[in-house]
Each structure stands twice: as structure tokens, then as C-alpha cells.
Amino acid sequence: MEKFTFLKKKRQEVLPKTAGAYALCANNAILYIGKAANLRDRVKNHFHASSYRDHLFINQITKIGYIETQSDIDALLLESELIKKYQPKYNVMWRDDKSYFYVAITKESLPRVFLAHQPKKLPTTTYQLPTQYIGPFVDGKALKKVLRLLRHVFPYYQGKTHPKTFCGYCHLGICPGPNPDQKTYKQNTKRLTQVLQGKRVSVLKTIEKEMKKAAREERFEKAKELRDQLFALQRVIAHARILNKEKGHENYDSIAKNLQSLLTTRNPVRRIEAYDISNIQGASATGSMVVFFKGMPARDQYRKFKIRIAGTPNDFAMMKELVTRRLKHEEWGYPDLMIIDGGKPQLSAALSALQTTYYQLPVLPVAALAKQHNELFLPNKEKAALLRDLDEGTRNLLLHIRDEAHRFAISYHRVLRRKELIRKP
């Protein structure tokens, strides 16, 4: 577990405006631990708009400790671990067996997952079911939101029984159905547990490793299933990382300057477009274009394309077609940055569309973002830039834009596939 960075109480302005966990201390004693989407604002709130509970200890505070995290989800999980480790006086004092939340996971052949307040008094004890409890969590609202997101990645049961047919949750893709594969279900439940314990990086690596193994063994259906699960978990993490509307514009000025430096352009980077291709061995290929303005999605300007090219699947040709067709629409305006999903070949396809067909256009900065190692390829630069080397705000925005383009392309691809299945006799 990472260690706190400590500051004197009067140096609150130095606290970062990022997600994380914080500790309010009296000399060397930790009195209270909390989490925040914006550490500086949340800690200031204790001192300037304190609640009746804060008044019990706020005058004793001499220093503040903090640990930054990549997302609100990470902050939520870290807060839980820190409270268990340090047992802060005022966190424990306010705990009345009902104020904290736990995620309960039963140890059955098909485990159930649900929220609980009092681990020792759960209904499961009536049935003598061994149950694992993950927690405590302070913020029940945030925890419920995290579970809703993760249930789309790892569908699970909440109730003791399931009807013999598909239920409403099955149709939403968050329930495993009446007859799931027991081994797969248990594996998914184990991975859900690991994510809630803060081991998401390990889970991502494991899923990616299994996906590649399935592909090598030509188990393509399994490989696709694992690929979709991997992308879904990445989207959940990215969703939790992104700038919210309250602080998006405030942070975007510094991100825009970083992008200008990265692209070596003097023009401000306000409108960013990203493009992605979705297909299964060339069938029902679709393209997506998503638009972000000053760091925020402009969903009314998203566009989708049904790829027309026929014959052997060719990602290079499909990307060139997508960019070429987009550039025909002068009425949409042109972006300050075009982000292509893929590596050097896809970047070359976009540059080819720009240079050969629409050479009369002003120079548009283009970059390609490869998923495997999160590398950013730029024209006339031999070596790719690694996202992990960029500042957090720029890195998270680029990941969010990339994932949003992928999500939008897949959603349209699924619509076309369903239509094809309906048409087949």
C-alpha cells in the first residue's frame, strides 16, 4: 500500500485537485480518513464548511496526509483499506454497525453478490452460508455506482433463486442467466472480488493473457468473449478516471497546453475527433467518429459509418475509407486533432486520406493510439510516446476518448449484426 504524503494544515493550497484518499492528523495520530474526487476541495470543506461531527476534532488537526489515485474507484477502495489498517478514532467512533457498507459474496456453487451493513447479522447466517465480506466502505452511493458498472463486466446473481427463463437483468447483460457455466461464473466472481480489493491491474493482465492464448489455440469465440470483457473493464476504469463536468473546463487549459507541446503546434487544441473500426473478420464493418470539445464529449456531433469496402478484411483500407468520407463533410467543421485507433499502419492510412485526396485542407494534426501498450504514434516521429509518461490529465483524457470511440463503434456494429441475423431465413 502506498504511503501518505504529509503537509502542514496551513498548506492546504498545495493539495492536488485529483482523486485520492486523505488523513486528518493531530501530530502523529490519524483521527479521520476520507476519500475525494478532488482532494483540495474536499479537505478545505472540512475546515471552512465543517459539519457538526467535524467540530469534534477539527481544532486538533495539525497536518494532512494524502495519497493520489487514478480514479474515484481507486479512491473508494483505498479509503476502505486505510480505515481497516489505521482504525482512525473518529471513523470508528461514528461506526454504529449500520453506517458502513460491505460487499457480501457467498461461497456457493453459484455465488451471490449483494450489499450488507452488519456482516455478523446477515440473513446468510440463517442458511449457514460461508460468506466473504469486502469492506468497510463509507460512501454507499459511490459503492453502488461501482457495482453497477462492474456488473456489466462480470454479471452476477443477487437473489437466492433465478427463474427458468431469462429475467429482465439478463436482457440488460448484467445477469448470467438461468444456466451459466459454473466454472466461468466462479472465475468472474473471483475477478470481481479482486477488482474490489484493488487488484484491477492484475485482473486486466490475466484476461489479456487468456485472450491471447485462446486466439493462438483458434478458440475464436472464447477469444472474442475475453476481448469484450477486457474492453468493458477498461471502459469502467476509464469512466471512473475522466474529468467530471464541474472540473473539466478548469483542468482542460493545462491539458490543452500539453497537447500543443506534444503535437508541436501553435494552434489551440479544443476540438478532438477520434475514429475506430469494428468488425468480425470483415463482416458488418462499421466506423465511428466521436467528438470532444474542451475535454468533454459532444455527443450530438458523434457520427457512425457503415464501411463499404468489400473483399478481404483490411484495417488499413477501412480506416482510410472512414477518414476520407469524414473529410468530405466540410459542414461539420474540422478538428484541432484527429486520433486514429491503431498503430503506424492506421496512422499512415489517415495521412494518406489527408494528403492524396484532400491536400487543399489546412494541416490537421493526426495521432494514432495503439491499445496493446498504450502508445501514441505521431507523424515524422520514429519512436512512439508512451501514455504512462504523460501527465495524468492528458493521459486520462486520451484514454477516455479512445475508449469512447471504441464503445460507439461496437454499439453500431452490434445493431448491424442483429439486423443481418433477423434477415437470415
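**Note on helix packing and sheets in the predicted model**

1. Val-146, Leu-147 and Leu-150 of helix H4 meet Leu-192, Val-195 and Leu-196 of helix H6, where contact means heavy atoms within 4.5 Å. By class, this contact of H4 with H6 has six nonpolar, no polar and no charged residues; Ala, Val, Leu, Ile, Met, Phe, Trp, Tyr, Cys and Pro count as nonpolar, Asp, Glu, Lys and Arg as charged, and the others, Gly among them, as polar. The structure is a predicted model, in which local features need pLDDT of at least 70 and side-chain atom pairs count only at pLDDT 80 or more, whereas totals for chains, interfaces and linings use all residues. Residues are numbered from 1 along each chain as its sequence is written, and side-chain values use heavy atoms, with hydrogens and water left out.

2. Two packed helices are described by the angle between their axes and the distance between the axes. For H4 (residues 140-153) and H6 (residues 182-196), the axes come within 11 Å and cross at roughly 145°, the axes being lines fitted to C-alpha atoms, for helices over the stretch in contact, with angles running from 0 to 180 degrees between N-to-C directions. The crossing of H4 and H6 is right-handed, that is, the near helix is turned clockwise from the far one by less than a right angle.

3. Over the protein chain, the secondary structure comes to 12 helices and 15 strands, which are DSSP runs numbered from the N terminus (helices H or I, at least four residues; strands E, at least two). Buried residues make up 49% of the 425 residues in the chain, with buried meaning under 20% relative accessible area, exposed over 50% and partly exposed in between (1.4 Å probe, protein chains only). Of the contacts in the chain with a separation of 6 or more, 62% are accounted for by residues 24 or more positions apart. The protein chain exposes about 22,800 Å², and carbon and sulfur atoms supply 51% of that area, as computed by the Shrake-Rupley method with a 1.4 Å probe.

4. E5 pairs with strand E7 (residues 131-137) in the antiparallel sense over five bridges, and Ile-105 stands opposite Gln-132 in E7. Four bridges join E5 to the antiparallel strand E6 (residues 113-116), and these two strands form a hairpin with six residues between them. Along E6, Val-113 is the bridge partner of Ile-105, Phe-114 stands opposite Ala-104, and Leu-115 stands opposite Val-103.

5. Strand E5 (residues 101-106) is mostly covered, as six of its six residues are buried. In a regular strand the side chains alternate between the two faces of the sheet. In E5 both faces are covered, with Phe-101, Val-103 and Ile-105 buried on one side and Tyr-102, Ala-104 and Thr-106 buried on the other.

6. Lys-320 lies in helix H10 (residues 315-327) and, at 27% relative accessibility, counts as partly exposed. Lys-320 and Leu-347 are 27 residues apart in sequence, and their C-alpha atoms are 9.2 Å apart in space.

Conventions. Pairing = 2+ DSSP bridges.
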